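Let's take a walk through this structure together.

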Amino acid sequence: MEVKELVKPFKWADSSPSLELQHEIEQFYYKEAQLLDHSEFEAWLGLMDKDIHYWMPIRMNRLGREMAQEYTAIGQGGHYDDTYETMRGRIRARVSGVNWAENPVSRTRHLISNVMINETEEPNTYEVVSSFIVYRNRSENQADIFPGERRDVLRRSEGGLGFKIARRTILIDQSTLLSNNLSVFF
Amino acid sequence: MSFNTGNWTSASIHSLVDTEQGKIDPRIYTDQELYELELERVFGRSWLLLGHESHVPKKGDYLTTYMGEDPVVMVRQRDGSIKVFHNQCRHRGMRICRADCGNAKAFTCTYHGWAYDTAGKLVNVPFEEEAFPSDFKKEDWGPLQARVEIYKGLVFANWDPEAPDLLTYLSDATPYMDTMLDRSEAGTEVIGTMQKWVIPCNWKFAAEQFAGDMYHAATTSHLAAVVAGLPEDQDLSVFQPHMKGHQFLSEWGGHGCGFYLDTARGSVRVGPLVDKYYSEGPAFEKAKERLESKMPYHRMGASHMTIFPNCSFLPYGMNTVRTWHPKGPNQIEVWAFVIVDKDAPQEIKDELARQNVRTFSAGGVYEQDDGENWVEIQNALRGYKSKTAPLAMQMGLNVQGKNNPEFPGQTSYVFSEDVARGFYSHWVRMMSESSWDTLRPQPATTATVK
């Protein structure tokens with residue numbers, strides 16, 4: 001994906017997806033949010049396809065004429081830039097009991113909405129955009145709000161929750177991250 | 001220059017850090033008035049890291065950042081030099097440039113339209129002829145200019161015309177900086193952009209940790225990160241802290257670093273591909289050859305370093321470089337970027353960038369736990385008892401014979417607070433000595449006693 005495409009709206013299809021597909025994918029996202037908000041991180045990792053690119057580019061304050069360069073390009077780092085293997089390592093750390101940033105455990109809430117779905121040339125493969133607000137409350141009085149948009153590629157899968165996440169690009173609505181770390185998943 | 005006087009006298013500032021007993025008065029991390037003095041005396045007079053030359057490769061390229069809490073613009077000039085000026089219009093104090101970075105031919109203040117060229121010269125004042133007195137001189141009202149010097153790609157700036165030049169300021173710390181910056185004649189380049197995040201903690205916790213605290217990494221802080229980097233068939237039972245290494249304290253200036261010795265460099269931290277690039281093959285051989293006159297580079301492992309006051313980095317493939325921008329006594333913004341040998345193969349550059357995000361970034365498996373610790377410390381320091389009970393800084397105190405003459409400068413054991421004591425001693429000097437006549441490094445008259 002070209003980074004300048006991220007600045008533009010999601011290219012929705014002229015015709016709406018079937019109600020059934022819309023329902024299936026929304027239900028998938030709600031179940032995914034349940035896993036994340038109830039510390040079922042290994043089950044959540046199970047939703048990733050082995051070739052996943054889990055990426056959150058850094059977003060810059062740019063003048064209007066340079067808005068095409070608002071995001072860092074692929075391969076230029078980011079807030080997340082992970083493969084399945086590195087996500088596996090992250091989840092292993094998270095459930096280790098010694099990941100102090102999340103132990104004691106945070107309370108999080110993933111609100112997912114504005115789901116739009118495009119069918120692709122690949123059968124059973126969908127481009128999906130959704131909006132999120134992730135709220136994290138931890139320790140005695142820390143509260144963080146992470147709003148943004150996810151652009152996913154989902155593949156229908158046998159068993160499990162019915163889909164696997166093959167790509168996830170997370171557009172966070174912050175330039176400077178307003179939290180002391182980024183130990184939550186999106 | 002003379003200092004503004006407040007409630008903090010020279011004697012009371014000296015009493016905050018006791019290097020003989022190894023004690024820190026916690027108010028150095030919390031006191032608002034001390035913080036205001038820091039902005040004047042530390043950040044107003046020290047060489048501060050702004051970025052890398054390759055952040056602004058072409059003429060007109062700019063990066064906006066901070067020196068202390070003062071906003072500045074760093075701009076590549078037509079002649080290839082870099083200028084740094086106060087990002088503030090002298091008319092009503094508006095920030096002149098409000099983008100993080102970009103390319104500009106001029107900067108125009110959006111409030112009343114005062115316009116500046118890329119060198120920071122005031123070139124246009126709307127209605128100047130019609131409305132301003134005839135003796136109004138534009139050249140008197142340009143933004144403040146800072147001194148700029150570059151050390152092997154890293155751009156530093158200083159407000160103080162009396163401060164020593166950058167090389168003198170860096171003292172004998174440069175050979176250790178070279179382990180990251182001078183591995184190849186090609187130098188280094190930046191990958192991507194600045195990552196920024198907010199940590200509610202005092203800037204000195206971060207700066208001192210990167211200067212002299214291998215201890216936290218060898219004990220409890222980063223166990224989860226080790227787990228994250230282990231092969232699937234290994235668990236934490238394989239984790240053994242390296243017990244061999246040194247820390248280095250600069251002769252002057254409170255700069256410090258620490259490094260392991262004679263250990264595998266660690267794919268846990270940087271991944272197998274980058275680990276290999278840093279421990280064998282042509283790039284490693286070249287670095288070894290370039291650096292071996294200074295130190296046995298090939299024996300060094302994971303390393304951390306701070307250039308006083310708030311420039312920190314991690315050499316050996318971690319390659320994160322950051323400024324801990326102070327935002328009040330209780331908050332910092334971390335502005336971090338990644339550098340790599342300019343002549344490294346593309347696959348190494350790509351992998352190093354990915355590994356950096358995975359490890360030493362806001363969401364990095366190492367760094368996220370630092371954020372937790374520093375926040376909790378700052379919260380606890382709100383208490384009266386917390387502020388009045390001294391903190392312990394005694395590790396390595398009065399321990400002799402740990403200097404390793406194979407390495408340049410004064411070294412001690414890797415698990416020591418010699419560097420912390422040196423860092424805070426220099427902080428006390430900056431905070432209490434108003435004149436560079438006493439503060440500046442004296443010409444070396446005696447060789448360092450090994």
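Start with the meeting place: 33 residues from chain A and 39 residues from chain B take part in the contact, where two residues are in contact if their C-beta atoms, placed from the backbone, lie within 7 Å. On chain A's side, strand 2 (80-82) and helix 3 (84-94) each supply at least two residues; helices (H or I, at least four residues) and strands (E, at least two) are DSSP runs, numbered from the N terminus. Helix 3 of chain A gives the largest share of that side, five residues.

A quick word on what you're looking at: this is a predicted model, where local features need pLDDT of at least 70 and side-chain atom pairs count only at pLDDT 80 or more, while totals for chains, interfaces and linings use all residues. Residues are numbered from 1 along each chain as its sequence is written, and chains are lettered from A and ligands numbered from 1 in the order in which they are written.

Now find helix 1 (residues 19-37) of chain A. Which of its residues are buried? They are Ile25(A), Phe28(A), Tyr29(A) and Glu32(A) (buried means 20 or more other C-beta atoms within 10 Å of a residue's own, exposed means 12 or fewer, and partly exposed is in between, with C-beta atoms placed from the backbone). Seen down the axis of helix 1 of chain A, the buried residues fall within an arc of 95°, so they line one face of the helix; the arc is that of the directions from the helix axis to the C-beta atoms. On the other side of helix 1, Leu19(A), Glu20(A), His23(A) and Tyr30(A) are exposed. After helix 1 of chain A comes Ser39(A), with a positive phi near 60°.
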